[in-house]
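Reader: I'm new to this one and a bit lost. Could you pick a single part and walk me slowly through what sits there?

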Amino acid sequence: MEPIIEGQISSAEEKMTSYLLLLSYRYMNLCVKAEMGALMPVSILTTTGPKDLENVADVGLPNEYQFAIIPKSPDLLQNIIHGIFDAHPEFKMEIKAGQVTYVDNDHMPDAMEWDGRYLLYTMPSVDKNRRDLLNEAVKSLHKECVARLNMTQAEKIAFAVGYLKEKPEDIPEAKEVFESLHDEYKMKADEILQNKLDEIEEGYQRYLVYEADQEQNVTPDFDYSHGMRLDQDQE
């Protein structure tokens, strides 16, 4: 295959990969579970200018539905609150003190004592209204991603047809390569969509269980508002 066409194939792969990364990033910020990627847009104002959250605080995951944010300096607590609110006003925030237990976090110990205050953020519940809004949003973002994949495929095929006009026998092979590439990335986009839809449905079912327990005056062994299993002493 012509080197120029091979270069266009690499270019198409780079573009399509970036579209999938953007889709995944956007889904992380439609929060059902606590994902570190959702904190990337957070900017904290300090005396030396704005900084990323990781530069001013340690972040842990007590469970799938919460962030524990421990300021590196007590003076930064309010700045962190404002920064996270600007990025994610939907997060439920509590100011805590004491021991923080981390799971599934390579950058933090299993537990640590904290003498000052820290912030506990809980992801909002997925009731029916939020489930419907999230489903609509993720499908719309997927549609936008697929449209970009389609456009890239069309652009590359058009380029190949024009470039190979003196070698028309090579055009079908070039078309097949770009079409195959498109189909591969479209399948990946569909998988990303389905995973997010499954996550949303899981959150909704979790909410329904909690509501049913509340209606029956049953004390659950799981705190659905904070995503933590209750200790025996708490039950």
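Author: Let's settle one word before we start: a contact means heavy atoms within 4.5 Å. This is a predicted model, in which local features need pLDDT of at least 70 and side-chain atom pairs count only at pLDDT 80 or more, while totals for chains, interfaces and linings use all residues. Residues are numbered from 1 along each chain as its sequence is written, and side-chain values use heavy atoms, with hydrogens and water left out.

The chain has five helices and eight strands, where helices are DSSP runs of H or I with at least four residues, strands are runs of E with at least two, and numbering goes from the N terminus. Along the sequence they come as α-β-β-α-β-β-α-β-β-α-α-β-β. Of its 235 residues, 40% are buried; that means under 20% relative accessible area, with exposed being over 50% and partly exposed in between (1.4 Å probe, protein chains only).

The part I'd zoom in on is helix α1, residues 3-28. From first C-alpha to last, its 26 residues reach 38 Å, close to the expected 38 Å; the expected span is 1.5 Å times one less than the number of residues. Its buried residues are I5, Q8, I9, A12, M16, Y19, L20, L23 and Y27. Here's a handy rule: an α-helix has 3.6 residues a turn, so residues three or four places apart point the same way. The buried residues of α1 pack against α4 and α5.

So what do those two partners look like? Take R131, which sits in helix α4 (residues 128-163). At 17% relative accessible area, R131 counts as buried. Skip the neighbours within four places in sequence, and R131 is in contact with V126, I200, E201 and Y204.

Over in helix α5 (residues 171-215) you'll find I171. I171 is buried because its relative accessibility is 16%. With neighbours within four places again set aside, V161 and L164 are in contact with I171. A160 is eleven residues away from I171 in sequence, yet their C-alphas lie 6.9 Å apart.

Last stop, the surface. Y163, in helix α4, is partly exposed at 37%. Together with I4 and F159, Y163 makes a nonpolar surface patch of about 260 Å².

Notes. Patches are made of residues with over 30% relative accessible area and no salt bridge: like charges are joined within 9 Å, nonpolar side chains (Val, Leu, Ile, Met, Phe, Trp, Tyr) within 5 Å. Accessible areas come from the Shrake-Rupley method with a 1.4 Å probe; for residues, only the protein chains shown count as cover. A salt bridge is a side-chain nitrogen of Lys or Arg within 4 Å of a carboxyl oxygen of Asp or Glu.
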